[in-house]
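Here is a quick briefing on one protein model, written for someone seeing it for the first time. Have a look at the structure, then read on.

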Amino acid sequence: MKVYLDNNATTKIDPLVKVKMQPFFEDLYGNPNSLHQFGMDVRPHLNEALGSMYDALHVRDEDDILITSCATESNNAVLKGIFFKYILSNPEKNHIVTTSVEHPSVLDTLSFLSEHGVDVTYVDVDNEGGISLEAMMAAVTDKTILISMMWANNETGMIFPVKEVSEAAKEKGILFHTDAVQAIGKIPVNLTDIDVDYMTFSAHKFHGPKGIGGLYVKKGKSLPNLFHGGEQMGGKRAGTLNVAYIVGMGLAMKQAVGHVEKMNIDVRRLRDKLEDAISKIADTIVVGPREKRTPNTILVSLKGIEGESMLWDLNRAGIAASTGSACASESLHANPVMSAIGEDPELAHTAMRLSLSRFTTEEEIDYVIEMFTKAAERLRAISSTYAYTNKAS
Ligand code: C6P
């Protein structure tokens, strides 16, 4: 059996999305900015896709959704845009507050900007992997121009207090950006209810295609372009529009948002079943209370077992999981969220992330429970033999 439990890294395409995209690789290939019939034929589909995104996220007509190539681009566009629009012209307001557990597309961009005079405060997570309103606002100074805080963490699934922090930021006249990549399709994301200035998303996290994402920009909060060179997207993001992928993203988002209830009932039940079984294994730590997490995610540490060894065992059994964020998994590494939470530095090397999707089945979870338990027993037996041999020598 093959089981994919790395849905926070990327997801499979919803079969309906694949069907919807197909004509745009065949007959409907015109450039939507062209004035001929081929171009005009695709325009309504583009508008329909954008309309689906406005509806799914409850975006007001006067606000913008910019199409980007991925969440990494959206995060770069916001942070560099704030730098060019505000900080360069007024270095007195050069302070950005963020969390220490953001995705590298935020952390690395801020590290780059700090070489150009931006002062960044990184707020640490508490011992549950959470972030409090108080901790975020305590980091604010009279120089703060922006708060950037993810909606849900990609490694633990912990949901951060976006509504509270965005309201507090607004009261102080501070701009607010959230990276909602891991929230859309898992928990309600309603921009009428939650007033953010900028919000990042990416289609491949909710069963859409890879290489397409978006950035919500509130009316009056527009930023300078990251890409120049064309009139596409109302002149706000140059480059020929990838209609097939935009159409795919529109339907994928509609479908994902329509399945949030399923995620919170059916997928949550499967996640909890898996978590209960894993928690029975001795010396296991699951990060964060499950009711404060997205319904599909588990970040677990099995004391004494390296995350990578466990992943190899699972991989041999056809099960895909990860030690954490996929973009940091090519080298043996300490999981940064575990490092931030744990007093025990060893924990950071034992982390494993299991992330389900609405396509995960009960049969798959039963199989994972069996294989996970066996792998843990095998690796524990090896590590105790090793400890014994070492003691004897
Ligand atoms: N996280 C993970 O394994 P792109 O690929 O650019 O569309 O998405 C980047 C990104 C941005 N923000 C968050 C919160 C994310 O989780 C990701 C992608 C994957 O956790 C791959 S590193």
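Lys2 counts as exposed, at 75% relative accessibility; exposed means over 50% relative accessible area, buried means under 20%, and partly exposed is in between (1.4 Å probe, protein chains only). What you see is a predicted model, where local features need pLDDT of at least 70, side-chain atom pairs count only at pLDDT 80 or more, and totals for chains, interfaces and linings use all residues. Residues are numbered from 1 along each chain as its sequence is written, and side-chain values use heavy atoms, with hydrogens and water left out.

- Lys2 sits in the segment before strand S1 (3-4); helices (H or I, at least four residues) and strands (E, at least two) are DSSP runs, numbered from the N terminus.
- Lys2 and Gly318 are 316 residues apart in sequence, yet their C-alpha atoms are 4.6 Å apart in space.
- H10 itself covers residues 307-316, and its buried residues are Gly307, Glu308, Met310, Leu311, Asp313 and Leu314.

**Positive phi without glycine**

- His207 has a phi near 70 degrees, a positive value in a residue other than glycine.
- You'll find His207 in the loop between S7 and strand S8 (213-217), and at 5% relative accessibility it counts as buried.
- Asp283 isn't a glycine either, but has a positive phi of about 55 degrees.
- Asp283 belongs to the loop between helix H9 (260-279) and strand S9 (284-286), and is exposed, with a relative accessible area of 53%.

**The nonpolar cores**

- In soluble globular proteins, nonpolar side chains tend to be buried together.
- A nonpolar core here is a set of buried Ala, Val, Leu, Ile, Met, Phe, Trp, Tyr and Cys residues joined through side-chain atoms within 4.5 Å.
- The largest one has 69 residues, and Ile147, Trp151, Met199 and Phe201 have the most contacts inside it.
- Among the elements that each supply at least two residues of this core are helix H2 (37-57), strand S2 (64-68), strand S7 (198-202) and helix H8 (243-258).
- H8 gives the most to this core, with 9 residues.
- Why does this core lie between domain 1 and domain 2? Domain 1 (3-10 + 260-381) and domain 2 (15-258) both give residues to it, so it lies between them; the domain bounds come from an automatic or database domain assignment.
- A second, separate core has 31 residues, including Val3, Ile281, Leu354 and Ile369.

**Salt bridges**

- Side chains of opposite charge can pair when their charged atoms come close.
- The structure holds 26 salt bridges, each being a side-chain nitrogen of Lys or Arg within 4 Å of a carboxyl oxygen of Asp or Glu.
- Arg60 pairs up with Glu62, the closest N and O atoms being 3.6 Å apart, and also with Asp63, where the closest N and O atoms are 3.1 Å apart.
- Arg60 is partly exposed, with a relative accessible area of 38%; Glu62 counts as partly exposed at 43%, whereas Asp63 counts as buried at 2%.
- Asp195 forms a salt bridge with Lys170, with the closest N and O atoms 2.6 Å apart.
- That pair links distant parts of the chain: Asp195 is in the loop between strand S6 (175-179) and S7, Lys170 is in helix H6, and they are 25 residues apart.
- Asp195 counts as partly exposed at 26% relative accessibility, while Lys170 counts as exposed at 53%.
- Salt bridges that share partners join Arg271, Asp272, Glu275, Asp276, Arg290 and Arg293 into one network.

**Around the ligand**

- Which residues come nearest to the ligand? Of the 19 residues around it, Thr72, Asp179, Ser202, Ala326 and Cys327 do, where being near takes a heavy atom within 4 Å.
- A polar side-chain atom of Gln182 lies 2.8 Å from an oxygen atom of the ligand.
- For Asn154, a polar side-chain atom is 3.0 Å from a ligand oxygen atom.
- In His204, an N or O atom of the side chain is 3.2 Å from an oxygen atom of the ligand.
- On its own the ligand has 510 Å² of accessible area, and the protein covers 92% of that; accessible areas come from the Shrake-Rupley method with a 1.4 Å probe.

Definitions and conventions. Polar contact = N/O pair within 3.5 Å; in protein donor to acceptor, adjacent residues only side chain to side chain.
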